[in-house]
Amino acid sequence: MITLEKRPQPSRIWSLATPLLAVLLTMICGGLLFAALGKNPFETIRTIFLDPLFSEFAWFYRPQLLIKGAPLVLIAIGLSFGFRAGIWNIGAEGQYIVGAICGAAVGLAFYPTESFIIFPLMIIAGILGGTLWAMIPGILKVKFGTNEILVSLMLVYVAEQLMASMALGALRNPDGMGFPGSRNLSQYPSAANLEIISGSGMHWGVVTALIAVIFAYIALSRHIFGFNVRLAGQSPRAAKFAGVNPTAMILICMGLSGGLAGAAGLFEVAGPAGQISIDFNVGYGFTAIIVAFLGRLHPVGILLAGGLMALTYIGGEIAQSNLGLPLAAIQLMQGMLLFFLLAVDVLTNYAVRFGRRQVV
Amino acid sequence: MDLSAINPILLLASLMVAATPILLAAIGELVVERAGVLNLGVEGMMITGAVCGFIVAVNTGSPWLGFIGAAIGGALLSVIFGVLTQFLLSNQVATGLALTLFGLGLSALMGQGYIGIKAPSFPDWHIPLLGDIPVIGPIIFQHDPMVYLGLGIVAATWAFLKYSRAGLILRAVGENHEAAHALGYHVMRVRMLAIMFGGACAGLGGAYLSLVRVPQWTEGMTAGAGWIALAIVVFASWRPGRLLLGAYLFGGVTVLQLNLQAAGAAIAVEYLSMAPYLATIAVLVIMRAGRAPGSLGQSFHASR
Amino acid sequence: MKLNKLLTGATLALGLATGALADGHEKTKVGFVYVGPVGDGGWTYEHNQGRLAVEEHFGDAVETVFVESVPEGPDAERVMTQMALQGADLIFTTSFGYMDQTINVAGKFPDVKFEHATGYKQADNVSVYSARFYEGRAVQGHIAGHMTESNVIGYIASFPIPEVIRGINAAYLHAKEVNPDVEFKIVWAYTWFDPAKEAEAASVLIEQGADVILQHTDSTAPQAAAQAAGNVVTFGQASDMAEFGPFPRVSSIIDNWSPYYIARTQAVIDGTWESTNTWDGIAPGMVEIGDITDAVPAEVKASAEAMIASMEAGDYHPFTGPINKQDGSAWLADGEVADDGTLAGMNFYVEGLSGDIPQ
C-alpha cells in the first residue's frame, strides 16, 4: 500500500528535482510516441529540446525564445498574484486583446506624425485597456458577487468579436485594398516596438517582462502586499483579521493581471505581430495560466516555465518542418509534459510511504 | 427587414438540436463540479469523444456503437485528469487546461485517415401520434434519439442529485470534503466516478457534433463548444433545471442573431455575436448566481 | 562525432551560401506554411494536396516540408525564416495574413523564392498568387437560380472582405440572369470554420425559406443541415464534399493548387523563376468545378457546362456589363469587363442585393 504523507515544509530538493524529473519522463514517453509514429526518437527529442538552443542556427532561435516567451511570462506574473489570493482571472486572453486594441488605436490615431511621445502613450493606453477590461469582472464580483471565472471567460469572446470589428472597421488599413487588418505598426517608427539591440530579440516587452519578474519577486518576498496576497489565499479569515480589505484585494489583483496582460498585448501588436487582425490573438492568455502553475506561482519559476513552453513551441516547429512530425504529436507531447510537471509536484509537498498505513 | 420570415416554431425546433452538444457536455461538468472538482478540460474531452465516436461508428456502421465508444473515450481521457488531481493532488485549473491541449493533439492524431469520410446516418425519430400534434409535434417530437437522451440525462441527473442517497453523498463531498470524509465517505472514489461521468457526457456531446451535426471528422471541430458548456454550468448555478434554460437561452441568442441577419435586419454582426456572452453576464448579475459548491477546485488529502 | 558535426555544419553553410543550386546533384527543397491543420478538410487540406502532388510529380528530385496551424504574426515569420535557414529554395505561404511576414523574411533571404497566396505585395523574390473563385461562384449562381423553387437563396458568408463579396456578387448576378425573381439572404458567420455555427446558419436560412444554400465557410455542417431538411440544394466549398452528393450537393468549387505548385517548382529547378502576379481561374485549372450531379436537370447542366467552357476559352468574364452598384449608380457599361484592380478590392454589392456589408 502506498500512501502520501504531507510534509511539514515543502521539500527544497524535490522542488528543484521535480521539473527535471518531469522533463525526463516526457522525453521517455514522448520518445515512445515518436518511435510509434515511425520517427527516430532520439533525433526528435534532440530537435525539440536542444536544437533551439544548441544547433547551428541557434543564433536565430535563441532570440525567438525571448519573443515567444516574453508575453507568456508577463501575463503569468500578473495572474500569479490573483491565483495566490484565490482570485481566478482566466480571461487574460481578453485583456491581452483589449490592451492591444487600445494601444494600437492610440498609435494609429497619430499616424503619420513622428514623435517620441507616441510609443509611451501607446504603452499607457495598452495597460489602461487591459486593466479596465479586467475591472469588469472585478467590479461585478465586488458589487454583485458574480463569479469572476465565468465573467472573465465570457469577456474573452466579447474581446475577440471586438477585435474582428476593429480589424474590419475602425482600425482597418485605408491603404489595404479592402482587406482586413490595421496598418503595420512595426513599419511606423514612432509606434514600433523594435528590438533594442538588433537581432537580440530584446524588444521592450521582453525588458518589461524581466522587470515584472524582479518586481514580483520583491513584492512577494519583501513587501506587505505580497504577504497579504499569500495570507488572503491561504486563510481568508486570517487575512480579514489582519486588516486585509477583500474588496481592494480583488480589484488590485484583477487590475494588476489585466494591466500586465494589456501591456503584453500592446508590445506584441506594436512589435512582433505588427498589426491588429482578425486572428491576432494566439492563446497566450490561456497558455500563461498553465505557465503560472508550472512555475508554482513563483516569479523565477514562471520565468523558467515560460522559457520551457517557448522552447517546446519553437522546437516543435523545427521538428515539424525538418522531420515531418505532425503538429498533433507535438501538442500531445506538450500535454504530457504538463501532466508530468503537475504530477511530480506531489513529491515536493508530500512524502511517499510504502507499506501499510499505521493505525494510530 | 421582414421579421415575418422568422418562423418561431421552426426556430424552437432547431434550438433543441443546436443546444444538444453543449447540454450534454454541461450536464456532465455539472455533476463534476457538484462533487467539488473543477475540470476545465471539457473541450479536450469533447473532441476526443468526437473522434472516438466517429472512428467506432465508421468501422462498425452503427452510430449507437459510436456514441458508446465516444462515452468510453471521453471517460478514459478524464481518468488522466482524475488520477492527477485526486491521487497526485495537482492543481485542477492547470490540469484541466493541459487536458484540453492533450485532447486536441490526441484527437488530431487519431483522426488521421478519417478525413473526408461521412458518418453513417442517424435518422430522426418521428414519434407516432405525438409527432403529429400540430405546432408542438414538430417542435418537440421529431428529432433524433440523442436529443431525447440528452434531456433524459438532465432529468435523471436532477432526480439523482435531489432524491437519491448517492446524490446526497456526492453533494456532501462537494460542499465539504473534510466533513464527508469524517462521516466515512470515500471522497476520492466519489470524485473519480463523477469525473468519469463528466468525461463520458462530454464525449457524447462531441460525438453529437461528429456523428449528427456535421457529420464528419475534421480537426478542432468542436471549435470552443466545451468552453461554452463550462460557462453554462456556472450560469445555471449548478442546477440541472436552469442548465436546460441556460443552454436554450445561449443557443437561442445565437440562432436569433442569425435569424435577424437572414431577415435583413441592419445590425452590426460583431456586436450581435457578442450578445450571447453579454447576455450571460447580464443574467448572472440579475440572477445573482447561486453559491458554488463549497469545496470546488480544492484538492483533498486525507491526512489520516 | 564532433568532426562529423562540424562537417555537416560546413556543408550546410556552403549550401546556404550557394543557395542550394538545383544542378541535379542536390534536391530542391520546397516549404509550405499552413494557417490551419492539414486535416481541416478545406483550405489547408487542399494546399496540402498540392504539396503531395509536387512530391508525386518530381519524386526524388524534390523534398517538401511543411508546418501546420501557424498563427499569422511572429510565429509565421519564424517558421519561414527557419525553413529558409534549413535550405528551402521555394516557400509557399498560404494565408493572406502572412503578407508582411513573407515580405520581411524574403528581404533577408534574397536567394530564396517566396510565393504568397491571396496577397498583393510583391518583391523581386516574392510572387503572389490567388484563384478566381468568383468564376466558380458564377457557375453556382447559374445552377442555383435554376434550381430554386422558393426563389430564396441562402448564402453563408464568412468575413466581409473582397474575396467573399466578389463571390456573393458573382453568384447573385448569374442567379438573377436566369431567374429575375431570385432573392439572396446573406448571413455573416464571422468565422471560416465553426461547424456548430455553420449548421445553425444553414438551418436559419432554410427556415426562412431558402431552398438553395451557398457557403463560403469550410465545414460540411451546412450540407448535413440541408440533407436533414430534405429538399435543399448545396454546393461543396474548398473541397469537393462529394460524400454529400448527388443530393443535396449538386456541384462544388474545388481549390486545385497542384498545377501551379508543380509549375513554380519546375521554374525553380530550371532557374527560370521570376516574380509574378498570378490570378488564375477555371482555364488553367486552379479553380475546379466538381462534378455536376444528375439531380440537376440535363438542360441546366448543359448550360452550366457551356458557361464553364466559355470561361475556359476566355470568351466570357462573369463581371461583364451592364452592371450597376447597389445604390443604382453605374459600374460597368454594356459589354465592359471589370478590371482586376476593382475586383481585387471589391467592397460593394451589385444592384438588386439587399442589406449592407457589415463594417
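Two residues are in contact when their C-beta atoms, placed from the backbone, lie within 7 Å. Keep that in mind as you look at this predicted model.

Begin with chain A, which has 15 helices and 2 strands. Its radius of gyration is 22 Å, close to the 21 Å that the globule rule gives for 360 residues, so chain A is as compact as a globular protein of that length. Along the principal axes, the C-alpha atoms of chain A fill a box of roughly 75 × 60 × 35 Å. Of its 360 residues, 59% are buried. Among the contacts in chain A with a separation of 6 or more, 79% are between residues 24 or more positions apart.

Now turn to chain B, where you will find 12 helices and 0 strands. Here the radius of gyration is 20 Å, close to the 19 Å from the globule rule for 304 residues, so chain B is as compact as a globular protein of that length. Its C-alpha atoms fill a box of roughly 70 × 50 × 40 Å along the principal axes, and 58% of its 304 residues count as buried.

Finally, look for the largest nonpolar core, which has 342 residues. The members that touch the most others are Ile75(A), Ile289(A), Ala26(B), Ile232(B) and Val187(C). Domain 1 (16-131) and domain 2 (133-251 + 287-344) of chain C both contribute residues to this core, so it lies between them.

Which residues does Ala26(B) touch, leaving aside those up to four places away in sequence? They are Ala229(B), Ile232(B), Val233(B), Leu243(B) and Ala247(B).

Definitions and conventions:
Residues numbered from 1 in each chain as written. Chains lettered and ligands numbered in written order. Predicted model: local features only at pLDDT ≥ 70, side-chain atom pairs only at ≥ 80, totals over all residues. Core = buried A, V, L, I, M, F, W, Y, C linked by C-beta atoms within 7 Å. Buried ≥ 20, exposed ≤ 12 C-beta atoms within 10 Å, placed from the backbone. Domains from an automatic or database assignment. Helix = DSSP H or I, 4+ residues; strand = E, 2+ residues; numbered from the N terminus. Rg over C-alpha atoms; globule rule 2.2 N^0.38 Å.
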